[in-house]
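Reader: I am new to reading structures, and I would like to understand the words used for this one. Could you take me through them step by step?

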Amino acid sequence: MAEAQLPVSVWSPGEDVVEVRRAPAPGAARSFTRAFLETLRGLKTTFARVIEGPVTIQYPEEKVPVYPRFRGRHRLHRFEESGLEKCVGCSLCAAACPADCIRVVAAENTPEHRVSAGERYAAVYEINLSRCIFCGYCEVACPFDAITMGHDYELSDYDRSDLIFTKEMLLAEPLERTPLRREDE
Amino acid sequence: MGRPQQKLISFTIDGRQVQAPENMMLADAAKLGDVEIPVFCYEPKLGQPVGACRMCLVEIEGIPKLQTGCSTPVKDGMVVHTRSERVQAAQHGVVEFLLLNHPLDCPVCDKGGECPLQDITFGWGGGVARTRELKRHFKKPVELSPLIAIDRERCILCYRCARFSQEVSEDHQLVLAERGSHSFISTFDSHPYISHFSGNIIELCPVGALTSIPYRFRARPWDIEGAGTVCTLCPAQCNVTLTVRNERVLRVLARENPAVDDGWLCDKGRFGYQSFHVDQRITQPLIRDGGALRAVPWEIALERAAGLLERARGQACALAGGSASNEEGYLLARLMREALASEAIDTLAAVPPRAAHMLARPQLQAAVADIEHADTVLVLGCELREEAPIIELRVRKGVRRNGVRLLVATPQRSALDAVAGLAVRCAQGGEGELAIALAGALQGAEAQEGAHAGAAERAGVTPADLRALAQALRSGGKDVVVIYGQRLLRTAAAAQALLDIARELKLEADRQEREEGRTCGLLGIPDGVSNARGLLESGLAPGYDPGYRPRQLPDPDAAPDAHAMAAGLAGGKLRLLYLLGADPLRCGLPEDAWQAALDSGAAVIAHADFITETIREHAQVVFPAESYAEKEGTVVHPDGRLQRLRPAIERQGEVRAGWWVIAELARRLDLDFGLLGSERSPGARALEAAGIIAEGLSATRASELLLASVAIYAGIDLEQIGGKGRRWQQSAGAGALPEPPSAPERERAAGTPEPLNAYRPLFDAPEAEYSPALRFLYRRASGRQPAPLRSEQAPGAPAERAGESNGELGARSELVAGLVIRHVAGAGEGREQR
Ligand code: SF4
Ligand code: SF4
Ligand code: SF4
Ligand code: SF4
Ligand code: FES
């Protein structure tokens with residue numbers, strides 16, 4: 001009766017009984033098999049691989065090739081003929097970004113200072129790569145294919161603020177370092 | 001005429017029974033049943049619907065053809081379908097037609113993301129385009145004016161902008177040129193579209209055809225936040241939403257409040273925000289050091305100011321203006337009276353408090369919304385377009401839509417003359433005498449001979465005009481609203497004359513009569529100070545305590561007003577001038593007298609946002625003043641509506657709250673308002689005073705202190721004021737108004753100079769001078785060359801360098817309105833010979 005008046009939040013062991021069931025103890029022969037024969041069986045695989053030679057990739061001297069659709073750090077593009085930036089600073093990528101890591105400040109092209117093909121261009125275009133989740137939504141949102149996901153994945157740095165990539169950094173040709181997986185790989 | 005009564009009917013829309021006022025347009029009535037009918041051209045604010053776009057087609061049972069929901073009034077028992085197959089087919093068709101010539105350049109269009117055309121195309125369009133033909137092309141973008149860019153390719157010819165120009169602001173500048181699919185919006189012969197209200201078409205345009213040049217490409221709807229507050233750049237106190245990105249105001253939009261602004265803004269309010277962010281703004285405390293002003297830490301400036309005040313005990317005076325809030329006014333008045341034993345306090349508008357008190361009776365007070373439903377409106381001695389532009393739009397609305405009879409009696413030609421039934425001129429400065437003469441004429445021959453004799457001559461009005469005016473008023477119907485410039489109250493006895501006019505015309509109506517639809521009374525427009533009424537009611541008035549309570553003073557001369565103050569300073573009786581957002585050389589006060597007052601060598605302490613000549617030459621201590629976007633507090637509309645200012649951006653630089661500065665000075669002079677972190681530990685208070693931690697909630701406490709101290713505001717709290725404001729005449733405190741004095745104000749002592757009774761043009765203001773977009777209007781209005789902007793001196797500064805702070809200041813050619821003759825056609829010469 002006294003227990004029933006306890007506040008509900010107080011746990012009481014009640015009538016639950018924890019029962020542990022064990023398998024029957026193995027006999028001597030079974031123990032021997034497990035200790036030696038089974039171990040040898042496992043080692044067979046190990047030794048078989050030894051003759052195949054090492055498979056370690058010597059990163060960073062050597063890199064794993066990525067698939068063509070791998071989503072690495074972004075790139076902004078220019079038109080090949082005119083050299084104008086494709087990005088018009090419309091901010092649609094910023095709207096699409098679920099991590100809210102793109103900042104676009106647009107400005108107007110003038111005849112003396114023409115940056116992009118449209119009326120406006122991105123005066124400031126920044127991606128905070130320490131926040132980016134590499135989902136690729138920005139690429140999908142862009143009406144001008146101005147931003148695409150590149151292949152670079154080596155993005156570590158000593159300072160968070162260095163991970164805010166500016167327009168110039170994103171427009172620059174990356175030092176082509178990330179190998180692409182070949183068709184048959 | 002009074003407000004029209006409404007009758008409820010019920011109708012069916014998409015299977016729902018909905019109650020709606022009879023004759024409401026279907027497009028509006030549908031919303032009452034949570035049904036949306038898409039519209040482009042329909043905008044009730046523009047008056048009668050025109051049915052130009054056909055987007056709102058609906059099916060009504062019993063009518064064979066589809067009907068436009070925007071121009072079909074609902075009737076009892078109507079059965080409406082908005083999603084039937086026929087309607088959908090029509091909607092798809094209309095969207096397709098609208099997009100026929102539309103460039104769909106959303107990525108570069110400023111409207112993108114907040115565009116009704118985008119929304120309706122997604123919501124009601126068919127989703128595919130079938131045309132392969134070329135679209136029509138125009139040069140784009142073109143400057144319709146230095147403030148507005150027009151992109152004619154995007155225009156869907158809904159006529160909203162043209163209707164605004166023709167039927168709301170009535171400047172008749174925008175027209176549709178050409179015919180059929182060649183039509184485009186233009187001004188006659190492509191003059192720049194310049195008017196006091198041009199910016200409203202940007203907000204009206206349902207597509208990106210009309211965009212704001214100062215806001216061009218600044219931000220997208222998802223980059224910004226909206227912050228509601230109240231524009232305090234003129235007495236009309238329009239409700240606004242500020243568009244904020246990264247703590248910068250980038251745009252001002254109307255926040256529709258039918259009781260205040262009807263959803264319109266003037267161009268000063270719409271574009272003046274740029275002055276909040278220019279380099280010229282004072283953002284640090286300054287003190288005079290060896291002849292020049294030097295930036296110093298707050299502590300030093302406060303210490304210096306407190307020292308100056310201390311030494312000028314009993315000989316200090318204060319003037320308030322600009323966007324000073326009630327709280328600041330209240331605290332300043334107490335600082336002057338209680339800590340410094342000085343009674344000399346006034347506003348730049350210099351409204352005589354006694355006269356204001358006589359006219360403050362709630363029964364006599366007309367509200368802004370009364371103007372449009374009155375029978376007759378008399379505009380007496382003020383130029384609304386320049387002094388409270390949005391109220392002019394209300395007058396025009398009444399005249400155009402409700403047949404209000406308009407009478408204008410002003411010294412100069414008025415913009416309202418064109419729509420007035422009668423326009424009467426008086427001499428410059430003769431408004432007060434005109435009121436007296438008019439009261440005499442209304443009271444009959446006897447009075448005209450007696451107390452009012454000679455007033456007509458002094459007013460410079462012809463007897464015929466005066467008779468016509470009196471006759472028009474007498475036959476002007478039951479509900480007359482008199483909008484008067486408070487400048488005329490400077491003539492003693494004018495207040496009494498206004499009361500006489502009100503009595504003769506029976507303009508008194510108590511609360512119940514007003515609720516039943518009477519729309520009459522008086523509405524005073526203060527001279528240039530947005531919150532003049534609130535400051536006066538908060539006790540910032542010579543010889544008056546908060547809530548129109550006369551102070552018991554031994555000698556009536558002990559409380560000098562703004563005019564006596566100038567004389568007192570010049571004569572050495574007063575030795576310190578405290579300016580709260582006020583520049584006595586740039587307002588309606590007599591300039592010579594104030595020049596002499598400032599030259600007298602009195603110490604000047606000022607809250608200012610720009611270094612004007614007064615500040616540069618005379619200020620000893622300058623505190624950086626808040627802009628209205630940074631301010632928290634309350635203000636009072638000329639019709640008695642308390643409105644709330646809410647901070648939209650953080651204070652720029654080292655700017656601190658005005659009320660805080662006054663409270664801090666008072667503390668140093670041993671007067672504690674109990675606002676400065678009194679609930680905090682001494683350590684926290686020290687941090688607070690050093691600006692290291694925020695001031696807690698004391699801005700709200702300052703407002704609470706004010707509302708508790710002004711008896712006529714009793715029963716009003718910040719919650720009630722909310723976003724739409726609240727008139728004190730309609731709350732419990734109205735009964736606390738002390739019985740008004742009957743005798744008119746004493747004549748001002750001889751020798752004080754008469755003020756020059758002229759208004760200042762709307763754009764002759766620092767907000768226009770320092771806003772790059774408005775400088776051409778400032779130059780026109782003031783005839784002065786605006787002070788150079790530092791950022792402009794770096795020509796063609798690339799936007800990247802300035803990053804976001806390029807903001808408004810990117811190099812922009814200033815197109816000054818002018819007439820360009822492109823082609824002179826001889827008589828009979830056709831445009832094109834075919
Ligand atoms: S990849 Fe995704 S998270 Fe990264 S910037 Fe683009 S949208 Fe944002
Ligand atoms: S990258 Fe594409 S989506 Fe982003 S701002 Fe530029 S044009 Fe627009
Ligand atoms: S410019 Fe805009 S408001 Fe004017 S007609 Fe065209 S779409 Fe309508
Ligand atoms: S009319 Fe006055 S209150 Fe309204 S926006 Fe213009 S300046 Fe501001
Ligand atoms: S909204 Fe009805 S026709 Fe345009």
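Author: This is a predicted model, and in chain B 3 strands make up an open sheet, ordered β6-β7-β10 with antiparallel pairing.

Reader: What makes β6 and β10 of chain B stand at the edges?

Author: Each of them, β6 (142–143) and β10 (210–212) of chain B, has a single partner strand, so one side of each is left without a neighbour in the sheet.

Reader: How do you know that strand β7 of chain B is joined to β10(B)?

Author: Pairing requires at least two bridges between the strands, and 3 bridges join β7 (residues 148–150) of chain B to β10(B), so the two count as paired, running antiparallel. Within this pair, B:Ala149 stands opposite B:Thr211 in β10(B).

Reader: How do you know that B:Cys317 is in no disulfide?

Author: A search of the whole structure finds 0 disulfides over all chains. For B:Cys317, the nearest cysteine sulfur belongs to B:Cys587 and is 14 Å away, whereas a disulfide needs the two sulfur atoms within 2.5 Å.

Reader: Why is B:Cys317 called buried?

Author: The word applies under 20% relative accessible area, and B:Cys317 has 0%, so B:Cys317 is buried. By the cut-off of 20%, B:Cys231 is buried too, because its relative accessible area is 7%.

Reader: Which kinds of residue form the shell around ligand 2?

Author: The shell divides into 10 nonpolar residues, 2 polar and no charged. Among the residues around ligand 2 are A:Cys87, A:Val88, A:Tyr125, A:Pro143 and A:Ile147. Cys, Val, Tyr, Pro and Ile count as nonpolar, whereas A:Gly89, also around ligand 2, counts as polar because Gly is placed in that class.

Methods: Residues are numbered from 1 along each chain as its sequence is written. Chains are lettered from A and ligands numbered from 1 in the order in which they are written. This is a predicted model: local features need pLDDT of at least 70, side-chain atom pairs count only at pLDDT 80 or more; totals for chains, interfaces and linings use all residues. Side-chain values use heavy atoms; hydrogens and water are left out. Helices (H or I, at least four residues) and strands (E, at least two) are DSSP runs, numbered from the N terminus. Buried means under 20% relative accessible area, exposed over 50%, partly exposed in between (1.4 Å probe, protein chains only). A residue is near a molecule or strand if one of its heavy atoms lies within 4 Å of it.
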